[in-house]
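Visitor: I have a structure open and would like to talk it through. Could we begin with how the parts touch one another?

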Amino acid sequence: MKTYDSIQHVRGESKFVDDLFNPEGLLYGYVYYSSIAHGKIVSINLKKALKYAGVRGVFTAEDIPGENQIGGIVPDEVLLAGSKVDFIGQPIALVVADTKLAAKSASKLIDCKIEEYPAVFDPRIACEKGELIIPPRIFSLGDVNNAWSQCEYIVEGKTETGGQEHLYIETQGAVAIPVEGGGIKIYSSTQNPTAVQKVSARILNVPMHKIEVDVPRLGGGFGGKEDQATAWAALAALAASKLQRPVKIILPRQEDMRLTGKRNPYSSDFKIGLNKEGMILAYEVTFYQNAGAAADLSPAILDRTLFHCTNSYYIPNVKATAYSCRTNLLPNTAFRGFGGPQGMFVIESAINRAAEVMGISAHEIQRKNLLKEGDEFPYGQRTEHCRAIRCFEEAEQRYDFKMRKNYVEQFNQENKLVKKGITVMPVCFGISFTTTFMNQASALVHVYTDGSVRISTAAVEMGQGVNAKISVIASKVFSIDISRIKIDSTNTTRIANTSPTAASKGADLNGYAAMKACELILERLKKTACNELKFDDPKKVEIREEHIFYDGNRTPLTWNKLIQAAYLRRVSLSAHAHHATTDIYFDKEKAKGKPFAYHVYGTAIIEATVDCLRGTYKIDSVKVVHDFGSSLHSVVDRGQAEGAIVQGIGWMTIEEVMFDGKGKLMTDALSTYKVPDIQSAPKDMEVHFLEDAANPFGPFNSKAIGEPPLMYGIGAFFAIRNAMKAFRPERQFDFVAPITNERVLLTLYPAERFSGMKPDLAIDDVKTPAALVY
Amino acid sequence: MSEETKSNKFSRRKFVKGIGSSIAGGYILSPAIAKAAKKISKEAKDFSEGKVPLSLKVNESVINVMIEPRTTLAELLRDELKLTGTKVVCNHGECGGCTVLLNNKAVYSCHLLALDAAGKDVTTIEGLSSNGKLHKIQQAFVDEDGLQCGFCTPGQVMAAAALLYKYSKPDKQQIMKEMSGNLCRCAAYPNIIKSVLSAVEKSNG
Ligand code: FES
Ligand code: FES
């Protein structure tokens, strides 16, 4: 089974937005943005820029005919800043010119005077000042206050996780083309075509039916193009509408990094209580989410943090409080895992700290507290078909955890400066948009008279293999060869009111919708077969590998003949179907309900080696048992798992987003922001598909895959940390991620050991990555 | 050497000489640095805005074009020749997305002036297969699924093709080293390694 379009991809024939034909008269846009984190715009002088050779127009907030508003969940973000700026990188003007170079050069001539205000970058400070995006959110189960008295051990601590740059290999971009009647056709690299359509219509003050959005495919999204692809498309649409010329905006890499939000950094406090046996009785946690300057998707991300604050464990008494804090940084946004990883990091930290205090291994606490069938999550849902223990135990056995642990211990006894660490990382991740209404999708299926099939859905292909999966589904329903099926670009005129391709739900929702549309056609075909063959019971008609069977017997009809017959009999060979996940709901006020269709389970065992003289490390191996359900496409699923693991490890280890004291992004190129390359990806990665794991809630019993494995990467942090502990058992280490080489070194060798090093670099004083100010 | 190549060489020399003499002038007359610098930038600008002829071979075809001297090879390929298979990802020589072959060696086309390819042979992803048949490294990427979103793929494939030119029997270490200049954010690395290994095996077996 091959991945979709792979032959095109290896020939360089696949068209991404920037590769599409260049329409006649195409102009290029360049975004001029704020270099001040917070302030009042005193004046904007465009005269010089407008005079620059080749410039066709410069647009500011004043040129917007409709509403200058791009906020999705909360209307709190303008497309172009008019009166004030709230972060460095906020768009102020769009310069449009004959060439990319002219547009960029002219933007340097814009004279924008900004009166600087004090800025806040630390979420805890923002919270103190009452700068919250939404009111605080609280999830609770049982009664923590009563539970503390029953605890033998109560352990408290603080954690920090940093941001993460999406670094989709294709940068953000869009082309807007004016069409007749005041309409605009937009080609956009977005995970969310309807958001692009809706916002562009709002900006231009036209009905949505005048805006057509087409998404050929994405060179990676990872959440970074769910909300944050919209602005560039809307800007292109604005300019195209004003100038009545096609306009292309492709963000150069550095601008992409400077202008788009990242994974939300979090600063958190935990308090965990356990009995003598290591059962967790109570857990209290407070999350300070760094939302940046606007809501974007942060409120929904905050919810997912709360949903995943207990990871794969049953804890009877939980109180989780979360603040979405407004700071003067880029509005942060969705990133694979969507707040879940940030929540899981804290509970894993709490367990590790508790284990240190109790003098046992974290693994023991993890093992004892795994979710069982029927256990209640803090949001009221109970586990169904729970596979937490199965995955955990199978990983232990399959990868011989005991033996590996002994080996690591022995290695550490024999080696002084190089130490190894091993850790287990269970994951339980809920599948569905936690905003219930978003769990819907549609599909449009055409069967052509030659028997070939073309399918449109709301799903955007971005490397996650959704097109491959939908082809599999359609070929299964019709029982035809997969080569007959083509999946179309995602287009708002074919599929309206799309939910974003996100939350790992692309294949589930759109797969079901495609399945239903195919089934509608199949029903008609069965009737046609009866008419052709003069049989009377369509229920007895079956297609097996392109041959038509009746009551188990092969008939002379084939797929091709049947399609021809249906066409001649004037039977419709097209169908549109809609799918909505049933039986899910969530009461936001009470913070209780059944928000997820199902959960994905799995366990990873991770080993790392740390050079304790240099602070460098290697992730030696990641070995996983993962619950894929009945995989629809094992190649795609394995690739997704491996890719997510590497990305998760990157987030925990080498990927560090840094801003200077003024809120300016310092890591705005690949030279300063490191992502895993072929050498730093773990040498030994094994992903075992949990057997006998059908999922009644997924198409053909499959499970979603995009996000859950990312969280195995959290184990890399603890594996490294365990190796460090072996080197300095006497020291108490922080829970600050990413645990870069520098941080490892500075942790192992506190400042006083360095004669020439300033004490303010001591790890104990390292400023929180949530504040991201160094 | 063809006529075009010669004239092109001449142009490059003139460009370099023009800048060099201005810099020298600036050094000697230090009080006049500012003025000299202005002159340099004006000269450089005048020059760079004019177009110069360039001749090179791209995917076996001889190409004669007039380009601005500052044009990168990637810009020439994508913008002028419409060979959009080559991707520009960072434009800073940091990711390998724009890798093409220059006389069968891998180069970052975003980091090379088109003029530096004068008289040379450029192979892009579009030119790798012959007569519609996939090159063995392309076939290996398909067979081993060495890709996810496909955006880094042309660069990966070209880097791997160059590797096969460089070594007849590369070992895993050499493969890792040669491929390490190509980032894949989908992290399809395990299958990328498998793809290259399988192509190596096939070419030796
Ligand atoms: S685009 Fe040329 S190296 Fe990144
Ligand atoms: S396949 Fe997506 S970046 Fe490599």
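Guide: A definition comes first: two residues are in contact if their C-beta atoms, placed from the backbone, lie within 7 Å. Please also note that this is a predicted model.

Visitor: Understood. How is chain A divided?

Guide: Chain A has domain 1 (6-118 + 166-259), domain 2 (266-433 + 590-753) and domain 3 (440-580).

Visitor: How many residues of domain 1 of chain A are in contact with domain 3 of chain A?

Guide: On the domain 1 side there are 17 residues, in contact with 14 residues of domain 3 of chain A. Helix 6 (193-204) and strand 11 (211-215) of chain A each supply at least two residues of that domain 1 side. By residue type, the domain 1 side divides into 6 nonpolar, 7 polar and 4 charged.

Visitor: And what separates the centres of those two domains?

Guide: Taken over C-alpha atoms, the centres of domain 1 and domain 3 of chain A are 37 Å apart.

Visitor: Changing topic: what is the strand order in the open sheet of 8 strands?

Guide: The order is 3-5-1-12-9-10-11-20 in chain A, and the pairing is mixed.

Visitor: Which strands stand at the edges?

Guide: Strand 3 (55-59) and strand 20 (490-491) of chain A do; each has a single partner strand, so one side of each is left without a neighbour in the sheet.

Visitor: In what sense do strand 1 and strand 12 of chain A pair?

Guide: Strand 1 (residues 27-33) and strand 12 (residues 247-250) of chain A pair in the parallel sense, over 2 bridges. Leu27(A) stands opposite Val247(A) in strand 12 of chain A.

Visitor: What about the largest nonpolar core?

Guide: That core has 309 residues, and Val95(A) and Ala236(A) have the most contacts inside it. Helix 15 (residues 506-533) of chain A gives the most to this core, with 12 residues.

Visitor: What is Val95(A) in contact with?

Guide: Leaving aside neighbours within four places in sequence, Val95(A) is in contact with residues including Gly29(A), Tyr30(A), Tyr32(A), Val55(A) and Ala103(A).

Visitor: Now chain B. Which residues of helix 4 are buried?

Guide: In helix 4 (residues 136-143) of chain B, the buried residues are Ile137(B), Gln138(B), Ala140(B), Phe141(B) and Val142(B). They pack against helix 1 (6-11) of chain A, and also against helix 5 (153-166) and helix 7 (189-204) of chain B.

Visitor: And what follows helix 4 of chain B?

Guide: Asp145(B) follows, with a positive phi near 55°.

Visitor: Lastly, what is the average pLDDT of chain A?

Guide: Chain A averages 95, and 97% of the residues score at least 70. Over residues 757-774 of chain A, however, the pLDDT is below 50.

How values were computed. Residues numbered from 1 in each chain as written. Chains lettered and ligands numbered in written order. Predicted model: local features only at pLDDT ≥ 70, side-chain atom pairs only at ≥ 80, totals over all residues. pLDDT = per-residue confidence, 0-100. Buried ≥ 20, exposed ≤ 12 C-beta atoms within 10 Å, placed from the backbone. Helix = DSSP H or I, 4+ residues; strand = E, 2+ residues; numbered from the N terminus. Core = buried A, V, L, I, M, F, W, Y, C linked by C-beta atoms within 7 Å. Domains from an automatic or database assignment. Nonpolar A, V, L, I, M, F, W, Y, C, P; charged D, E, K, R; others polar. Pairing = 2+ DSSP bridges.
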